[in-house]
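Welcome, and please take a look at the model below.

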Amino acid sequence: MKTRVKKRFDILVTQANKSFSQDFELDKNITSVIGIAISSDKDDLLYFRGSQGVEVNKEELFPGGYESKLLMAGVNVSPNGKYYQLDHVNPGNGIVKMVYEDTDDGRTSFSPYRVSLYLDCIAE
Amino acid sequence: MAYPKIISHQFTISAKGETRHLQIRLPRDAHRLIGVETSIRMLQAVSPAPAPASFLQSFEMAFAKQVGTLRLSQPGCSGQFYSCPVKDENASVGYGDFSATDTFSPKDATHGFHRLEDPLNVPRQAALILGLYQDTSFSGYGQNLHYTVSLHIWYETLNPKPC
């Protein structure tokens, strides 16, 4: 029986103007990835400073430099609409790679923050 | 079956009224252009858009400040297939929102809606996309701005996805 599951992967951003790359592994029973969202414990830092590249099974979903603000959804968005729809991405080897880059923006001051990548998946 | 992909291009603006000519090479497997997204990042200190200070002020519409205009075309094709102002964060995200408290007020980072690409349906006619960006930020900010513009072009490829 197919079920919808949400997977969350965290990256800690501890230094300004640095790239943070991390590989995550999806559960073996996940058959497709249908949505993506990004969030943080400090939304303003993620919004102004963040950009990331995301790959699933070595297939690039978003190139490096794609701003985090383009994947964020605030409290005004319905919970059912917070995820950016993907076209049933095959997880393949189940490896999700995110390269997150923090870049100075004149409207913020850096302090360490957490970036969370959420994937909306279908599992058997 | 067509699959969407993105190519990104960044450039920096540092002078009032600066004009930048762009040439973006399309991948060989790009079949059709299906969307454009733009974003800016300030490289100098700029005050963020203020949140409404009171319940009554939340009913005052504030317009997002325009920082420039972007036009895109393809060689060999007359005219432009895309022309749009490039704007900063949404200044009216708190319009009609009276949920603000002393510690949590409407901002684009916390209350913003999904930002989706401007949809296009432009067949690939050439290997390049030509672009023209012109800075118009002085009229909105009253000062010279130093910022980076990111341009993300969505396209379709007919190559099969990896298994």
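A residue is called buried under 20% relative accessible area, exposed over 50% and partly exposed in between, using a 1.4 Å probe and protein chains only. By that rule A:Phe62 is buried, with a relative accessible area of 1%, and A:Tyr66 is buried too, at 0%.

A word on conventions: this is a predicted model, in which local features need pLDDT of at least 70, side-chain atom pairs count only at pLDDT 80 or more, and totals for chains, interfaces and linings use all residues. Residues are numbered from 1 along each chain as its sequence is written, chains are lettered from A and ligands numbered from 1 in the order in which they are written, and side-chain values use heavy atoms, with hydrogens and water left out.

**Aromatic rings**

Rings of Phe, Tyr and Trp (its six-membered ring) pair if their centres lie within 6.5 Å; planes under 30 degrees apart are stacked, over 60 edge-to-face, and the rest tilted. Over all chains, a search of the whole structure gives nine such pairs. Two of them are set out here.

| Pair | Class | Centre to centre | Angle between planes |
|---|---|---|---|
| A:Phe9 and A:Phe24 | stacked | 4.8 Å | 25° |
| A:Phe62 and A:Tyr66 | tilted | 4.8 Å | 35° |

Strands (E, at least two residues) and helices (H or I, at least four) are DSSP runs numbered from the N terminus. A:Phe9 belongs to strand 1 (residues 3-13) of chain A and A:Phe24 to strand 2 (residues 19-25) of chain A, so their pair ties together parts that are 15 residues apart in sequence. Both A:Phe9 and A:Phe24 are buried. Ring pairs also join A:Phe62, A:Tyr66, A:Tyr84 and B:Trp154 into a cluster.

**Where the chains meet**

Counting heavy atoms within 4.5 Å as contact, 36 residues of chain B touch 39 residues of chain A. Buried area is the accessible area (1.4 Å probe) that two parts lose on being put together, summed over both. Between chain B and chain A this is about 3,000 Å², with carbon and sulfur atoms giving 49%. On the chain B side, B:Arg41, B:Ala109 and B:His114 lose the most area to chain A, together 23% of what that side buries.

How many salt bridges are there between chain B and chain A? The count is one, taking a side-chain nitrogen of Lys or Arg within 4 Å of a carboxyl oxygen of Asp or Glu. The side chains of A:Arg107 and B:Asp88 meet in a salt bridge at 2.7 Å, N to O.
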